[in-house]
Each structure stands twice: as structure tokens, then as C-alpha cells.
Amino acid sequence: MTQKFNFDATDRSIVELLRHNGRATNQQIAEKLGLTATTVSSRIKRMEDANQLRVVAVSDFAAHGFSFLMEVAIEVDGRPASEVAQELAAFPEVFAVHLVTGRYEIDMLVALRDFDDLSHLLLDKFSQIHGIRSMTPAIVVDIIKYQFDIAPIEA
Amino acid sequence: MATIQLDDLDRQLIEQLGRDARVSNRKIAAELGVTEGTVRGRIKRLQQERLIAFTAITGLEMEAKSRLAFLSIQADVDNVRAIGRQISELPLINGVMITMGQFNILAICLFDELDCLVNVASDKILSLPGVHHVETSIAVKTFKYNTRVARITEDGLITGLNR
């Protein structure tokens, strides 16, 4: 288990400003919060180094031509589930892969361009991965809430 | 859905800013071999067309909620949107999708203590009228979590898939 990172009030104020405008300069942030630009810069770096902050451009599904989303629950047999998860994570269409407790071993989110993508991915790609016993897909027909700005951050 | 025309430069910008949005226009321009003005103009256009938005993504530890769980829910088919909305208003729930499959709602829950998860899943959600069954899977390891692609809406907030 990694050691917990401690955020103080200054860290939180910086993050709040960055959530609204990720491209605000250190100087602009410093002026708003009554800090120096150097402090802002080092605080951001500290949070990024601890994998607790990423300031990024989020792009729309449309920018990548994706038009629908699907959840796929996977049962693994005869192979370590972590290995299967790693292979699945390599596909660009796969947005999230988690090892989970319960009936299935792996839960993933997949974005697709069109219906042809579906058979191609499920039948030609995923089903060729050794160790997958079954795939149970659920097509996302509506998204009521999708808050992604708090998330596990990869190193 | 409208087809969006992006050229290689747009794609390179999306790729680079998707890794780190705090790089200066000057540095991007130098790397891509274009002028700073071109970079500025392209970014502005991509933002205006709601193809990109700049934001901060924080790790789970910042919120003191370090675990993630998927709640697969079976709810009354004729009222599934309304039930989904009620679930989305509950604390700890950061994602709610209506699905077609074995379950008709998928909710994502961020939590720290198991008590909190049980409270949301087995008490709050299960007691909503029209909810019949909740299956909880706790994520024990994350292999991938791409937060860089989402739905960007008019008010700049980033929400779901449906425009």
C-alpha cells in the first residue's frame, strides 16, 4: 500500500482554480491566492509527482469518432486474471480495466465508433485473448452522471 | 451525429495537451514546427467546438476516498431514468449509466471504508422504490482508467456520452 498523500488548504485552492482553467499560468494562480509563482509551481509539481494530480486537455468522444459506450464483465479461466487485464488494457478502445471482486474477474469500459466495431472487437480481438471464459456486455444507452475528474491516476 | 474534421495538427495538439495541459504554446509550437499563433488559434477553435476542455484530475487520495466499486442494479424498466437520477444524487456516487443487459443501471461508487459502501449499496439504493437487486464488485486493482476522453458540454462541464 502506498503512503497517503496529504493535501493542505493551499493545494486544494490551487486544484480548484485548475479545475476551472487548467491553462491558467502559475503567475495568475499566484495572484489570485496571494502566493508566489514559485510556490504554485512547486505545489503543482509535488501533487503531480505523487500521482495525485494531472492537468490535461480532456477531449470529446466525438474528437475520436466514438459514438457509444459499453461495459463488459469478464470471467477468466485457466490464466491469471491480471495477465488478461493487461492484454485488454492495451486496446485503445478500452477506457477502463479493473480487477474486481464478485461474479466476474474483470470489469471494463469500451468506447466504439459504430456497430461493426462491436463484432470486430468482441469476436476478432477480445475473444482471441487466452483465458477469457465469457464476456457479458451491457450497452450504455444513457449517461446520467459521469464524473471522471476524481480517478485513479496512473504513474 | 455530425462528422468532425480534424487534421494531423489537431490530433497532435489533442495528444500532447492530453498528456500535460500546462506546456506553453511556445514549446508546443517549437516541437510541432508551427508558429505560436497557429497553436493558439487551433486550441481556441478546438475549445470553441467543444472538442477539448482543460481541467484538473485528482487522485482518489485527495478526496480521502481511495476505493472504487461498481454497483450493478436491477430496477423497474418503466422508471429506470428516474431511479438513475435518484441514485446519481446519493453521496459517493460519481457515475450512473443506464444499460441494456443483465442489469439496467451501472453506478460507480468512490468510498474509503466498507461501511460507507454498504450504506450506499445495501441501504440507500436497495431501499429506493423500484430497485430490486444490487450487486457490488469492488475494484481491487486498476489496470487502465482513461479520463482524457469524455463528453464536453456547452457550459464547459464535462459529463456523459449523450450530447
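Accessible areas here come from the Shrake-Rupley method with a 1.4 Å probe, and for residues only the protein chains shown count as cover. With that in place, chain B has an accessible surface of about 8,000 Å², and 48% of that surface belongs to carbon and sulfur atoms.

Some ground rules. This is a predicted model, where local features need pLDDT of at least 70, side-chain atom pairs count only at pLDDT 80 or more, and totals for chains, interfaces and linings use all residues. Residues are numbered from 1 along each chain as its sequence is written, chains are lettered from A and ligands numbered from 1 in the order in which they are written, and side-chain values use heavy atoms, with hydrogens and water left out.

Let's stay with chain B. How many helices and strands does chain B have? Five helices and seven strands. Those are DSSP runs, numbered from the N terminus: helices are H or I with at least four residues, strands are E with at least two. Read from the N terminus, the order is α-α-α-β-β-α-β-β-α-β-β-β.

Chain B has 163 residues, and 50% of them count as buried. Buried means under 20% relative accessible area, exposed means over 50%, and partly exposed is in between, using a 1.4 Å probe and protein chains only. Now contacts, meaning heavy atoms within 4.5 Å. Take those in chain B between residues at least 6 apart in sequence: 61% join residues at least 24 apart.

Start at helix α1 of chain B, residues 8–19, which holds L13(B). L13(B) is buried, because its relative accessibility is 1%. Which residues does L13(B) contact, leaving aside neighbours within four places in sequence? G18(B), I28(B), L32(B), V39(B) and R42(B). L46(B) is 33 residues away from L13(B) along the chain, and their C-alpha atoms are separated by 9.5 Å.

Next, helix α4 of chain B, residues 80–88. Its buried residues are V80(B), I83(B), G84(B), I87(B) and S88(B). Why are they on the same side of α4(B)? Because they cover an arc of only 140° around the axis. That arc is taken from the directions from the helix axis to the C-beta atoms. The cover over these buried residues includes β5 (132–146) of chain A. From chain B, the cover includes β2 (67–75), β3 (93–100), β4 (105–111), α5 (114–125) and β5 (131–145).

Most residues other than glycine have a negative phi. R50(B) has a positive phi, near 60°. R50(B) sits in the loop between α3 (36–48) and β1 (52–58), and is partly exposed at 26%. L92(B) is not a glycine either, and its phi is about 75°. L92(B) is in the loop between α4 and β3 of chain B. Its relative accessibility is 23%, so L92(B) counts as partly exposed.

Over to chain A. In helix α5, residues 115–125, the buried residues include D117(A), L118(A), L121(A) and L122(A). They cover an arc of only 110° around the axis, so they are on the same side of α5(A). On the other side, F115(A), D116(A) and L123(A) are exposed. The cover over the buried residues of α5(A) includes β2, β4 (106–112) and β5 of chain A.

Now A30(A), in helix α2 of chain A, residues 26–33. Is A30(A) buried or exposed? Buried, because its relative accessibility is 1%. Not counting residues up to four places away in sequence, A30(A) touches L35(A), T36(A), A37(A) and V40(A). F91(A) is 61 residues from A30(A) in sequence and 40 Å from it in space, C-alpha to C-alpha.

Last topic: cavities. A cavity is a set of points, on a 1 Å grid over the protein atoms alone, where a 1.4 Å probe fits but cannot get out; lining residues have an atom within 4 Å of a point. The whole structure has two cavities of 30 Å³ or more. Volume here is the space filled by probe spheres set on the points, with grid points joined across faces, edges and corners.

Of the 19 residues that line the largest cavity, E71(A), A73(A), Y104(A), S72(B) and F103(B) are the closest to its centre. Which element gives the largest share of that lining? β5(A), with three residues.

Conventions
On a 1 Å grid over the protein atoms alone, a cavity is a set of points where a 1.4 Å probe fits but cannot get out, and a pocket is an open set with protein on both sides within 12 Å along at least five of seven lines; lining residues have an atom within 4 Å of a point.
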